[in-house]
Amino acid sequence: MSPPPDHAQRSELFLLDHERTTWHDETLWFVRQKRDRAAYATPEFQELRRLASDLKDHTLSRLAQYLEQFEAAALANGVHVHWAADAAEHNALVLGIVQRAGARRVVKSKSMLTEECHLNPHLLAHGVEVIDSDLGERIIQLRAEPPSHVVLPAIHLKKEDVGETFWQHLGTEKGLTDPQQLTEAARQHLREKFLAAEVAISGVNFAVAETGSVVVCTNEGNADLAIGLARVHIACMGLEKLVPRLADLAVFTRLLTRSATGQPITTYTSHFTRPQPGREMHVVIVDNGRSQQLGRPDFRASLKCIRCGACMNTCPVYRRSGGHSYDFTIPGPIGAILSPNIDMRKHASLPFASTLCGSCTDVCPVRIDIHSQLYKWRQVLGAAGLVPASKQYGMRLLSRVLARPALFRLGGAAARLGLRLVPHALSHAPGYNPWAIARELPAPPRQSFRQWYAHQSPPAHE
Amino acid sequence: MSSRARILAAVRASQPAPHSLPPVPTFRGDISAAKFTAMLEASGGRVVRLPGLGALAATVAGLYPADYRVASDLVPATVPVTCDTPGAELATLDLAVLRGAFGVAENGCVWLPEAAMLHRALPTIAQHLALVVPATGLVATMHQAYARLAGQPGGYGVFLAGPSKTADIEQSLVIGAHGARSLTVLLHD
């Protein structure tokens with residue numbers, strides 16, 4: 001069954017479970033508060049945000065040069081570098097590397113890019129076992145669900161769900177809900193997979209042009225364990241992941257986890273520069289729409305994103321609608337400005353999944369103007385005729401009324417009278433007024449602002 | 001045209017006007033062992049002060065059970081480990097005692113270069129990890145940490161802050177996800 005076509009309808013599915021929605025909302029707000037404590041404890045936090053933004057702006061302005069510099073440095077390190085224009089080419093390249101290595105067993109650490117490219121189904125279809133090794137990713141892989149958050153992929157699930165999944169797939173005791181015991185079961189299960197894997201796939205948090213290194217940040221150590229054991233390491237990166245110099249990582253590692261979970265740094269901040277002698281390291285550089293987004297002046301800043309998830313944790317809409325309601329690899333505010341670049345028609349409702357409150361922009365560690373871009377996408381979608389008719393005609397009517405004072409006055413008088421006279425059964429008649437689904441209409445004021453103003457005495461100093 | 005050429009051409013055509021590379025100040029801060037200790041403990045690690053390297057073997061023997069299978073180039077090892085040791089053998093290790101290059105006070109992490117690991121998987125596959133770090137070598141922030149690396153991260157290297165952990169089940173913190181179940185930093189003078 002395909003999901004409903006727009007964000008509001010998909011949110012309704014999430015909102016069916018009131019208790020869970022409240023838990024989701026409160027838990028993510030708690031993560032946001034941890035972020036605040038970490039940010040306030042770092043005196044130069046705002047200066048670091050400015051620097052991170054400038055470093056990314058600089059890198060994007062010379063991206064081709066830095067990509068070439070990175071490639072040259074990586075090649076000199078004995079790393080194989082591959083280029084993929086789109087998801088299909090990425091998947092074919094990765095499969096090719098796996099097959100040339102004669103491998104059938106792959107473990108993969110967290111990578112939003114390989115989610116975006118749907119790598120797993122491609123490998124599985126060609127007889128390659130691929131196991132997601134991040135605990136949250138493994139849980140949702142066993143449940144055949146996509147991640148609902150970039151940092152907390154299983155945040156939509158409760159421990160009872162995980163217990164049920166592990167009972168079905170890992171043979172744990174039925175009804176087990178203790179996170180400690182569930183994690184231990186996953187540790188034992190995944191150790192076997194780590195030891196058996198011939199190829200380790202990882203994402204890339206940062207790629208350093210100066211040294212040709214890729215940096216992977218985890219708390220679990222799953223990337224390091226997998227790569228340390230496997231014969232072949234494949235690192236998959238979007239072409240926007242570059243930073244110019246090794247020292248620039250100081251700025252980004254200080255911001256990333258403070259913004260994400262409130263930790264001062266991830267447990268493992270791992271720098272992969274050269275393969276161990278006798279082993280292989282590959283980097284796959286992926287475009288998949290990024291160069292196109294780079295060419296959109298209003299939206300290119302979205303490529304500065306370092307995938308910390310802070311905009312999700314703070315967003316009043318995301319917290320109450322869940323990551324799956326976005327139906328895009330990257331959910332939340334940042335996903336709502338990335339997704340229309342990929343498929344404007346399919347994701348037309350996402351830039352409207354926002355109150356434009358600007359909280360996302362306030363917490364973004366690289367100072368992306370997320371809420372302004374949401375607003376700008378709405379203009380683009382409107383011009384392309386991708387806004388629902390009710391919204392489009394409603395807006396057209398409203399702009400006509402707001403542009404004509406007499407009409408506005410008349411409308412106001414009619415509304416004040418109407419609000420008093422219209423029976424509840426009519427104003428809340430099912431199907432006619434979606435605004436009233438979960439709201440009461442306001443009590444009508446006795447007079448308009450203009451009437452009130454006309455009765456005030458003029459200020460004394462005039 | 002190859003994908004490489006096409007991608008680079010598309011990026012060149014799309015990239016915005018030059019934006020200058022900002023100078024990054026070297027932010028300084030508290031460099032004390034107390035700060036380092038507080039931060040590492042907040043991440044689930046433990047700090048033990050050593051009077052000197054001479055006390056290392058006795059201290060390790062006091063901290064861990066005698067029947068532990070130990071890999072180390074610093075204390076007497078029960079399992080010899082090189083970069084060729086098979087994974088199945090590594091998986092039997094209870095403890096690795098390795099040398100950390102230096103610690104970072106602002107977040108309690110330790111730089112662990114490949115040269116100190118014996119095997120790249122050893123720091124994550126051993127059940128427990130102990131790192132021997134000079135107390136005099138602490139730096140304040142990640143800026144000084146990367147300055148110490150001087151653009152040379154080695155083939156592989158990790159800033160390690162505490163034991164392996166996860167909060168992927170209902171945001172409940174669990175120590176010991178895939179890597180070491182505990183991290184002890186032995187700070188020596």
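In E10 of chain B, B:Ser182 is the bridge partner of B:His128. This is a predicted model, in which local features need pLDDT of at least 70, side-chain atom pairs count only at pLDDT 80 or more, and totals for chains, interfaces and linings use all residues. Residues are numbered from 1 along each chain as its sequence is written, and chains are lettered from A and ligands numbered from 1 in the order in which they are written.

Strands E6 (residues 128-134) and E10 (residues 182-188) of chain B run parallel and are joined by seven bridges. Strands (E, at least two residues) and helices (H or I, at least four) are DSSP runs, numbered from the N terminus. Two strands pair if DSSP finds at least two bridges between them.

**The sheet of chain B**

E6 and E10 belong to an open, parallel sheet of five strands, ordered E1-E10-E6-E3-E2. Strands E1 (46-50) and E2 (70-72) of chain B each have a single partner strand, so one side of each lacks a neighbour in the sheet. Neighbouring strands are turned by 20 degrees against each other on average, direction ignored.

| Helix of chain B | Strands touched (chain B) | Angle to E1(B) |
|---|---|---|
| H2 (residues 33-42) | E1 and E10 | about 145 degrees |
| H3 (residues 56-63) | E1, E3, E6 and E10 | about 145 degrees |

Axes are lines fitted to C-alpha atoms, for helices over the stretch in contact; angles run from 0 to 180 degrees between N-to-C directions.

**Between the chains**

In all, 71 residues of chain A are in contact with 63 residues of chain B. Contact means C-beta atoms, placed from the backbone, within 7 Å. Helix H10 (residues 179-196) of chain A supplies the largest share of the chain A side, eight residues.

Strand E9 (residues 268-272) of chain A pairs with strand E7 (residues 156-160) of chain B, antiparallel, over five bridges. There A:Phe272 stands opposite B:Tyr156.

A:Met237 touches residues including A:Leu113, A:Val204 and A:Ile285.

Notes:
Contact = placed C-beta atoms within 7 Å. Lists of a residue's contacts leave out its neighbours within four places in sequence.
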